[in-house]
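Please keep the structure open while you read.

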Amino acid sequence: IFMVISVLLYYLSNLPEFIRMSIVCATGGLAGALISFLERSKKSNVGESDFAPLVVLSSVSRILIGGLFGVIAYSVANAELAFSLFKSSKPALLILGVAAGFSERLIPDVLGTISVSNGEGEKKNDNYLMSQDQDIN
């Protein structure tokens, strides 16, 4: 439902470019969070004693947070604090949104990295993602 609303807002409105691109990233974030939720639901054990409205609220809130992470990812890219390679193309922004929604730690980690000064208060560069890959390997 949220993704349909996002697509309709994108195509049927005359919004400023920043808002339109934010909608693209939010749609990707919603999709990424939905994918993450569906992957996790295979392993989830929801019992009969669990309060159903609370389970639904938790599920919907996770998906909405994925959309919000997509918007934050676009804002960070637009400010050229990280992900600036993604800001020039709609498909790249959609993929960035999916990654932001799917990965629960990506945006909080990026925001933490940006907020920590490197001694001279310089912005972190686009090598953030590459440094994360090297940490994993």
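1. Start with a cut-off. Angles under 35 degrees count as roughly parallel, over 145 as roughly antiparallel, 65 to 115 as roughly perpendicular, and the rest as oblique. Keep in mind that this is a predicted model.

2. Take α3 and α4. Helix α3 covers residues 52-78 and helix α4 covers residues 90-102. Their axes come within 8 Å and cross at roughly 130°. The crossing of α3 past α4 is right-handed.

3. Which residues make this contact? From α3 come Gly66, Phe69, Gly70, Ala73, Tyr74 and Ala77. From α4 come Leu93, Leu96, Gly97, Ala100 and Gly101. By class, seven of the contact residues are nonpolar, four are polar and none is charged.

4. Now turn to α2 and α4. The axes of these two helices come within 6 Å and cross at roughly 40°. α2 and α4 are therefore oblique to each other. Here, too, a right-handed crossing is found, with α2 passing α4.

5. Look at the residues where α2 and α4 meet. The α2 side has Met21, Val24, Cys25, Thr27, Gly28, Gly29, Ala31, Gly32, Ala33, Ile35 and Ser36. The α4 side has Lys90, Leu93, Leu94, Gly97, Val98, Gly101 and Phe102. The classes are ten nonpolar, seven polar and one charged.

6. Next, α3 and α5. Helix α5 spans residues 106-115. It packs against α3 at an angle of about 35°, with the axes 10 Å apart. Is this crossing left-handed or right-handed? The crossing of α3 and α5 is left-handed.

7. Check the side chains at this contact in the viewer. Phe69, Ile72, Ala73 and Val76 of α3 meet Ile107, Pro108, Val110, Leu111 and Ile114 of α5. Nine of the contact residues are nonpolar, with no polar and no charged ones. Phe69 and Ala73 of α3 touch α5, and Phe69 and Ala73 also belong to the contact with α4.

8. Last, the pocket. Rolling a probe the size of a water molecule over the atoms shows where empty space is left. The second largest pocket has a volume of about 170 Å³. Its lining is Ser6, Val7, Tyr10, Tyr11, Ile23, Val24, Thr27, Lys90, Pro91 and Leu94. The elements that give two or more residues to this lining are α1 (2-12), α2 (17-41) and α4.

9. Which element gives the largest share of the lining of the second largest pocket? α1 does, with four residues. By class, the lining has seven nonpolar, two polar and one charged residues. Val24, Thr27, Lys90 and Leu94 line the pocket, and these residues are also in the contact of α2 with α4.

How values were computed: Residues are numbered from 1 along each chain as its sequence is written. This is a predicted model: local features need pLDDT of at least 70, side-chain atom pairs count only at pLDDT 80 or more; totals for chains, interfaces and linings use all residues. Side-chain values use heavy atoms; hydrogens and water are left out. Axes are lines fitted to C-alpha atoms, for helices over the stretch in contact, and angles run from 0 to 180 degrees between N-to-C directions. A crossing is left-handed if the near helix is turned anticlockwise from the far one by less than a right angle, and right-handed if clockwise. Contact means heavy atoms within 4.5 Å. Ala, Val, Leu, Ile, Met, Phe, Trp, Tyr, Cys and Pro count as nonpolar, Asp, Glu, Lys and Arg as charged, and the others, Gly among them, as polar. On a 1 Å grid over the protein atoms alone, a cavity is a set of points where a 1.4 Å probe fits but cannot get out, and a pocket is an open set with protein on both sides within 12 Å along at least five of seven lines; lining residues have an atom within 4 Å of a point. Grid points are joined across faces, edges and corners, and a volume is the space filled by probe spheres set on the points.
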